[in-house]
Amino acid sequence: MFGHAEPGHAALDDAELASVRAAPPLDRRQAARSLLARTGDDWDRRGHRITVLALAPDAAALAHAWLLAEPGSADAAVLFALAQVGRARRGGETPAAARAACRAAAAAAPADPTPWLGLLMLEREGTADAVRFFEEVRSRHRDHHHAHHRMVALLAERRADAGPDPLHEVYEFAAWAAEQAPADSPLAILPIVALAERYRALAVRGHAPADPTTAPHWRDHRAADVMKAAFDWWLEWEHDDHPRRLVDLNFLAHARFCEGLPAEAAALFRRIGDHVTPAPWAYPDRDPYAAFHAARTAALGRKRPVR
């Protein structure tokens, strides 16, 4: 239901993170240790870096060895927990074991929202447990970017079998989160994320066309208002230094393109460069990289350069 990015792509424009991911296996533990120590309590950046490090096939083994060498390391405990979450989502570990690792990490790092993000990532729908885990994240970092995106994806699943609902709670949640955040917060983009995630939930059940550009979902009055507000926010407030800003830009470019506004999408594609994110280009069941490059080529009015 939720796609996984390759680690090299998932690092986005974080050069330090990409360097650690590219380090030889014998050097990666020390490189990860130094990177997370430098990251400190920048919670959005820490969450981004740990979730990307956890995507590596050997992440659980690396973190386990790190824990054996430094039993008191909170960084090692959190990395191990998120690696177990990734394995559980791919079917290589039981959810119960991953939840236990997250709870152990939360005990080792009580101020860190990342273990609670891990628990939220294990949820499949917007259940009471998901809400509780989200509130645990939010109590530690009120505007946690990844957790808000994840909560939107989970809420979008509610009553998807019943078909479109313009008053669905995912839209209400996204509007509330955007309104309560500071004016310069990238959570302003969240209503766009809600549109994309609800489209995904409907399309996989046959309630929306498989080609997102033909879905009326993007063209009603509410969607138009939401997209204009998000685009205006980007023009005024875009943060070059936010670790997940390219996630937002991908969602915004996708929405503008699906809305039929290629000129505005083109400006976003230029900012994105080649930093494509699987969501939302994979929705409902597409090759995200092919979908991204086709949309970018159409928006920019030129062929993709040969590499």
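**Charges over rings**

Which residue lies over the face of Y283, and at what distance from the ring centre? In this predicted model, that residue is R200, placed 5.5 Å from the centre of the Y283 ring. A further case involves R256, whose charged end sits over the ring of F231 at 4.9 Å from its centre.

**Nonpolar core**

The largest nonpolar core comprises 96 residues, and I192 and W218 have the most contacts inside it. Helix 6 (residues 74–89) supplies the largest share of this core, ten residues.

Apart from neighbours within four places in sequence, the contacts of I192 are V226, M227, A230, F251, L252 and A255.

**Aromatic pairs**

Eight aromatic pairs are present in the structure. In one of them, the ring centres of W116 and F133 are 6.3 Å apart and the planes meet at 40 degrees, so the pair counts as tilted. W116 belongs to helix 8 (residues 114–122) and F133 to helix 9 (residues 128–140), so the pair ties together parts 17 residues apart in sequence. Both W116 and F133 are buried.

F269 and W281 also form a tilted pair, because their planes lie at 35 degrees, with ring centres 5.8 Å apart. This pair links helix 15 (residues 262–272), which holds F269, with helix 16 (residues 278–281), which holds W281; the two residues are twelve residues apart. F269 and W281 are both buried. Elsewhere, F134, F173 and W176 make up one aromatic cluster.

**Cysteines**

C102 counts as buried because its relative accessibility is 0%. C258 is likewise buried, at a relative accessible area of 1%.

Conventions
Residues numbered from 1 in each chain as written. Predicted model: local features only at pLDDT ≥ 70, side-chain atom pairs only at ≥ 80, totals over all residues. Heavy atoms only, no water. Buried < 20%, exposed > 50% of the residue type's maximum accessible area, 1.4 Å probe, protein only. Core = buried A, V, L, I, M, F, W, Y, C linked by side-chain atoms within 4.5 Å. Helix = DSSP H or I, 4+ residues; strand = E, 2+ residues; numbered from the N terminus. Contact = heavy atoms within 4.5 Å. Phe/Tyr/Trp six-rings, centres within 6.5 Å; stacked < 30°, edge-to-face > 60°. Lys NZ or Arg CZ within 6 Å of the ring centre and 35° of its normal.
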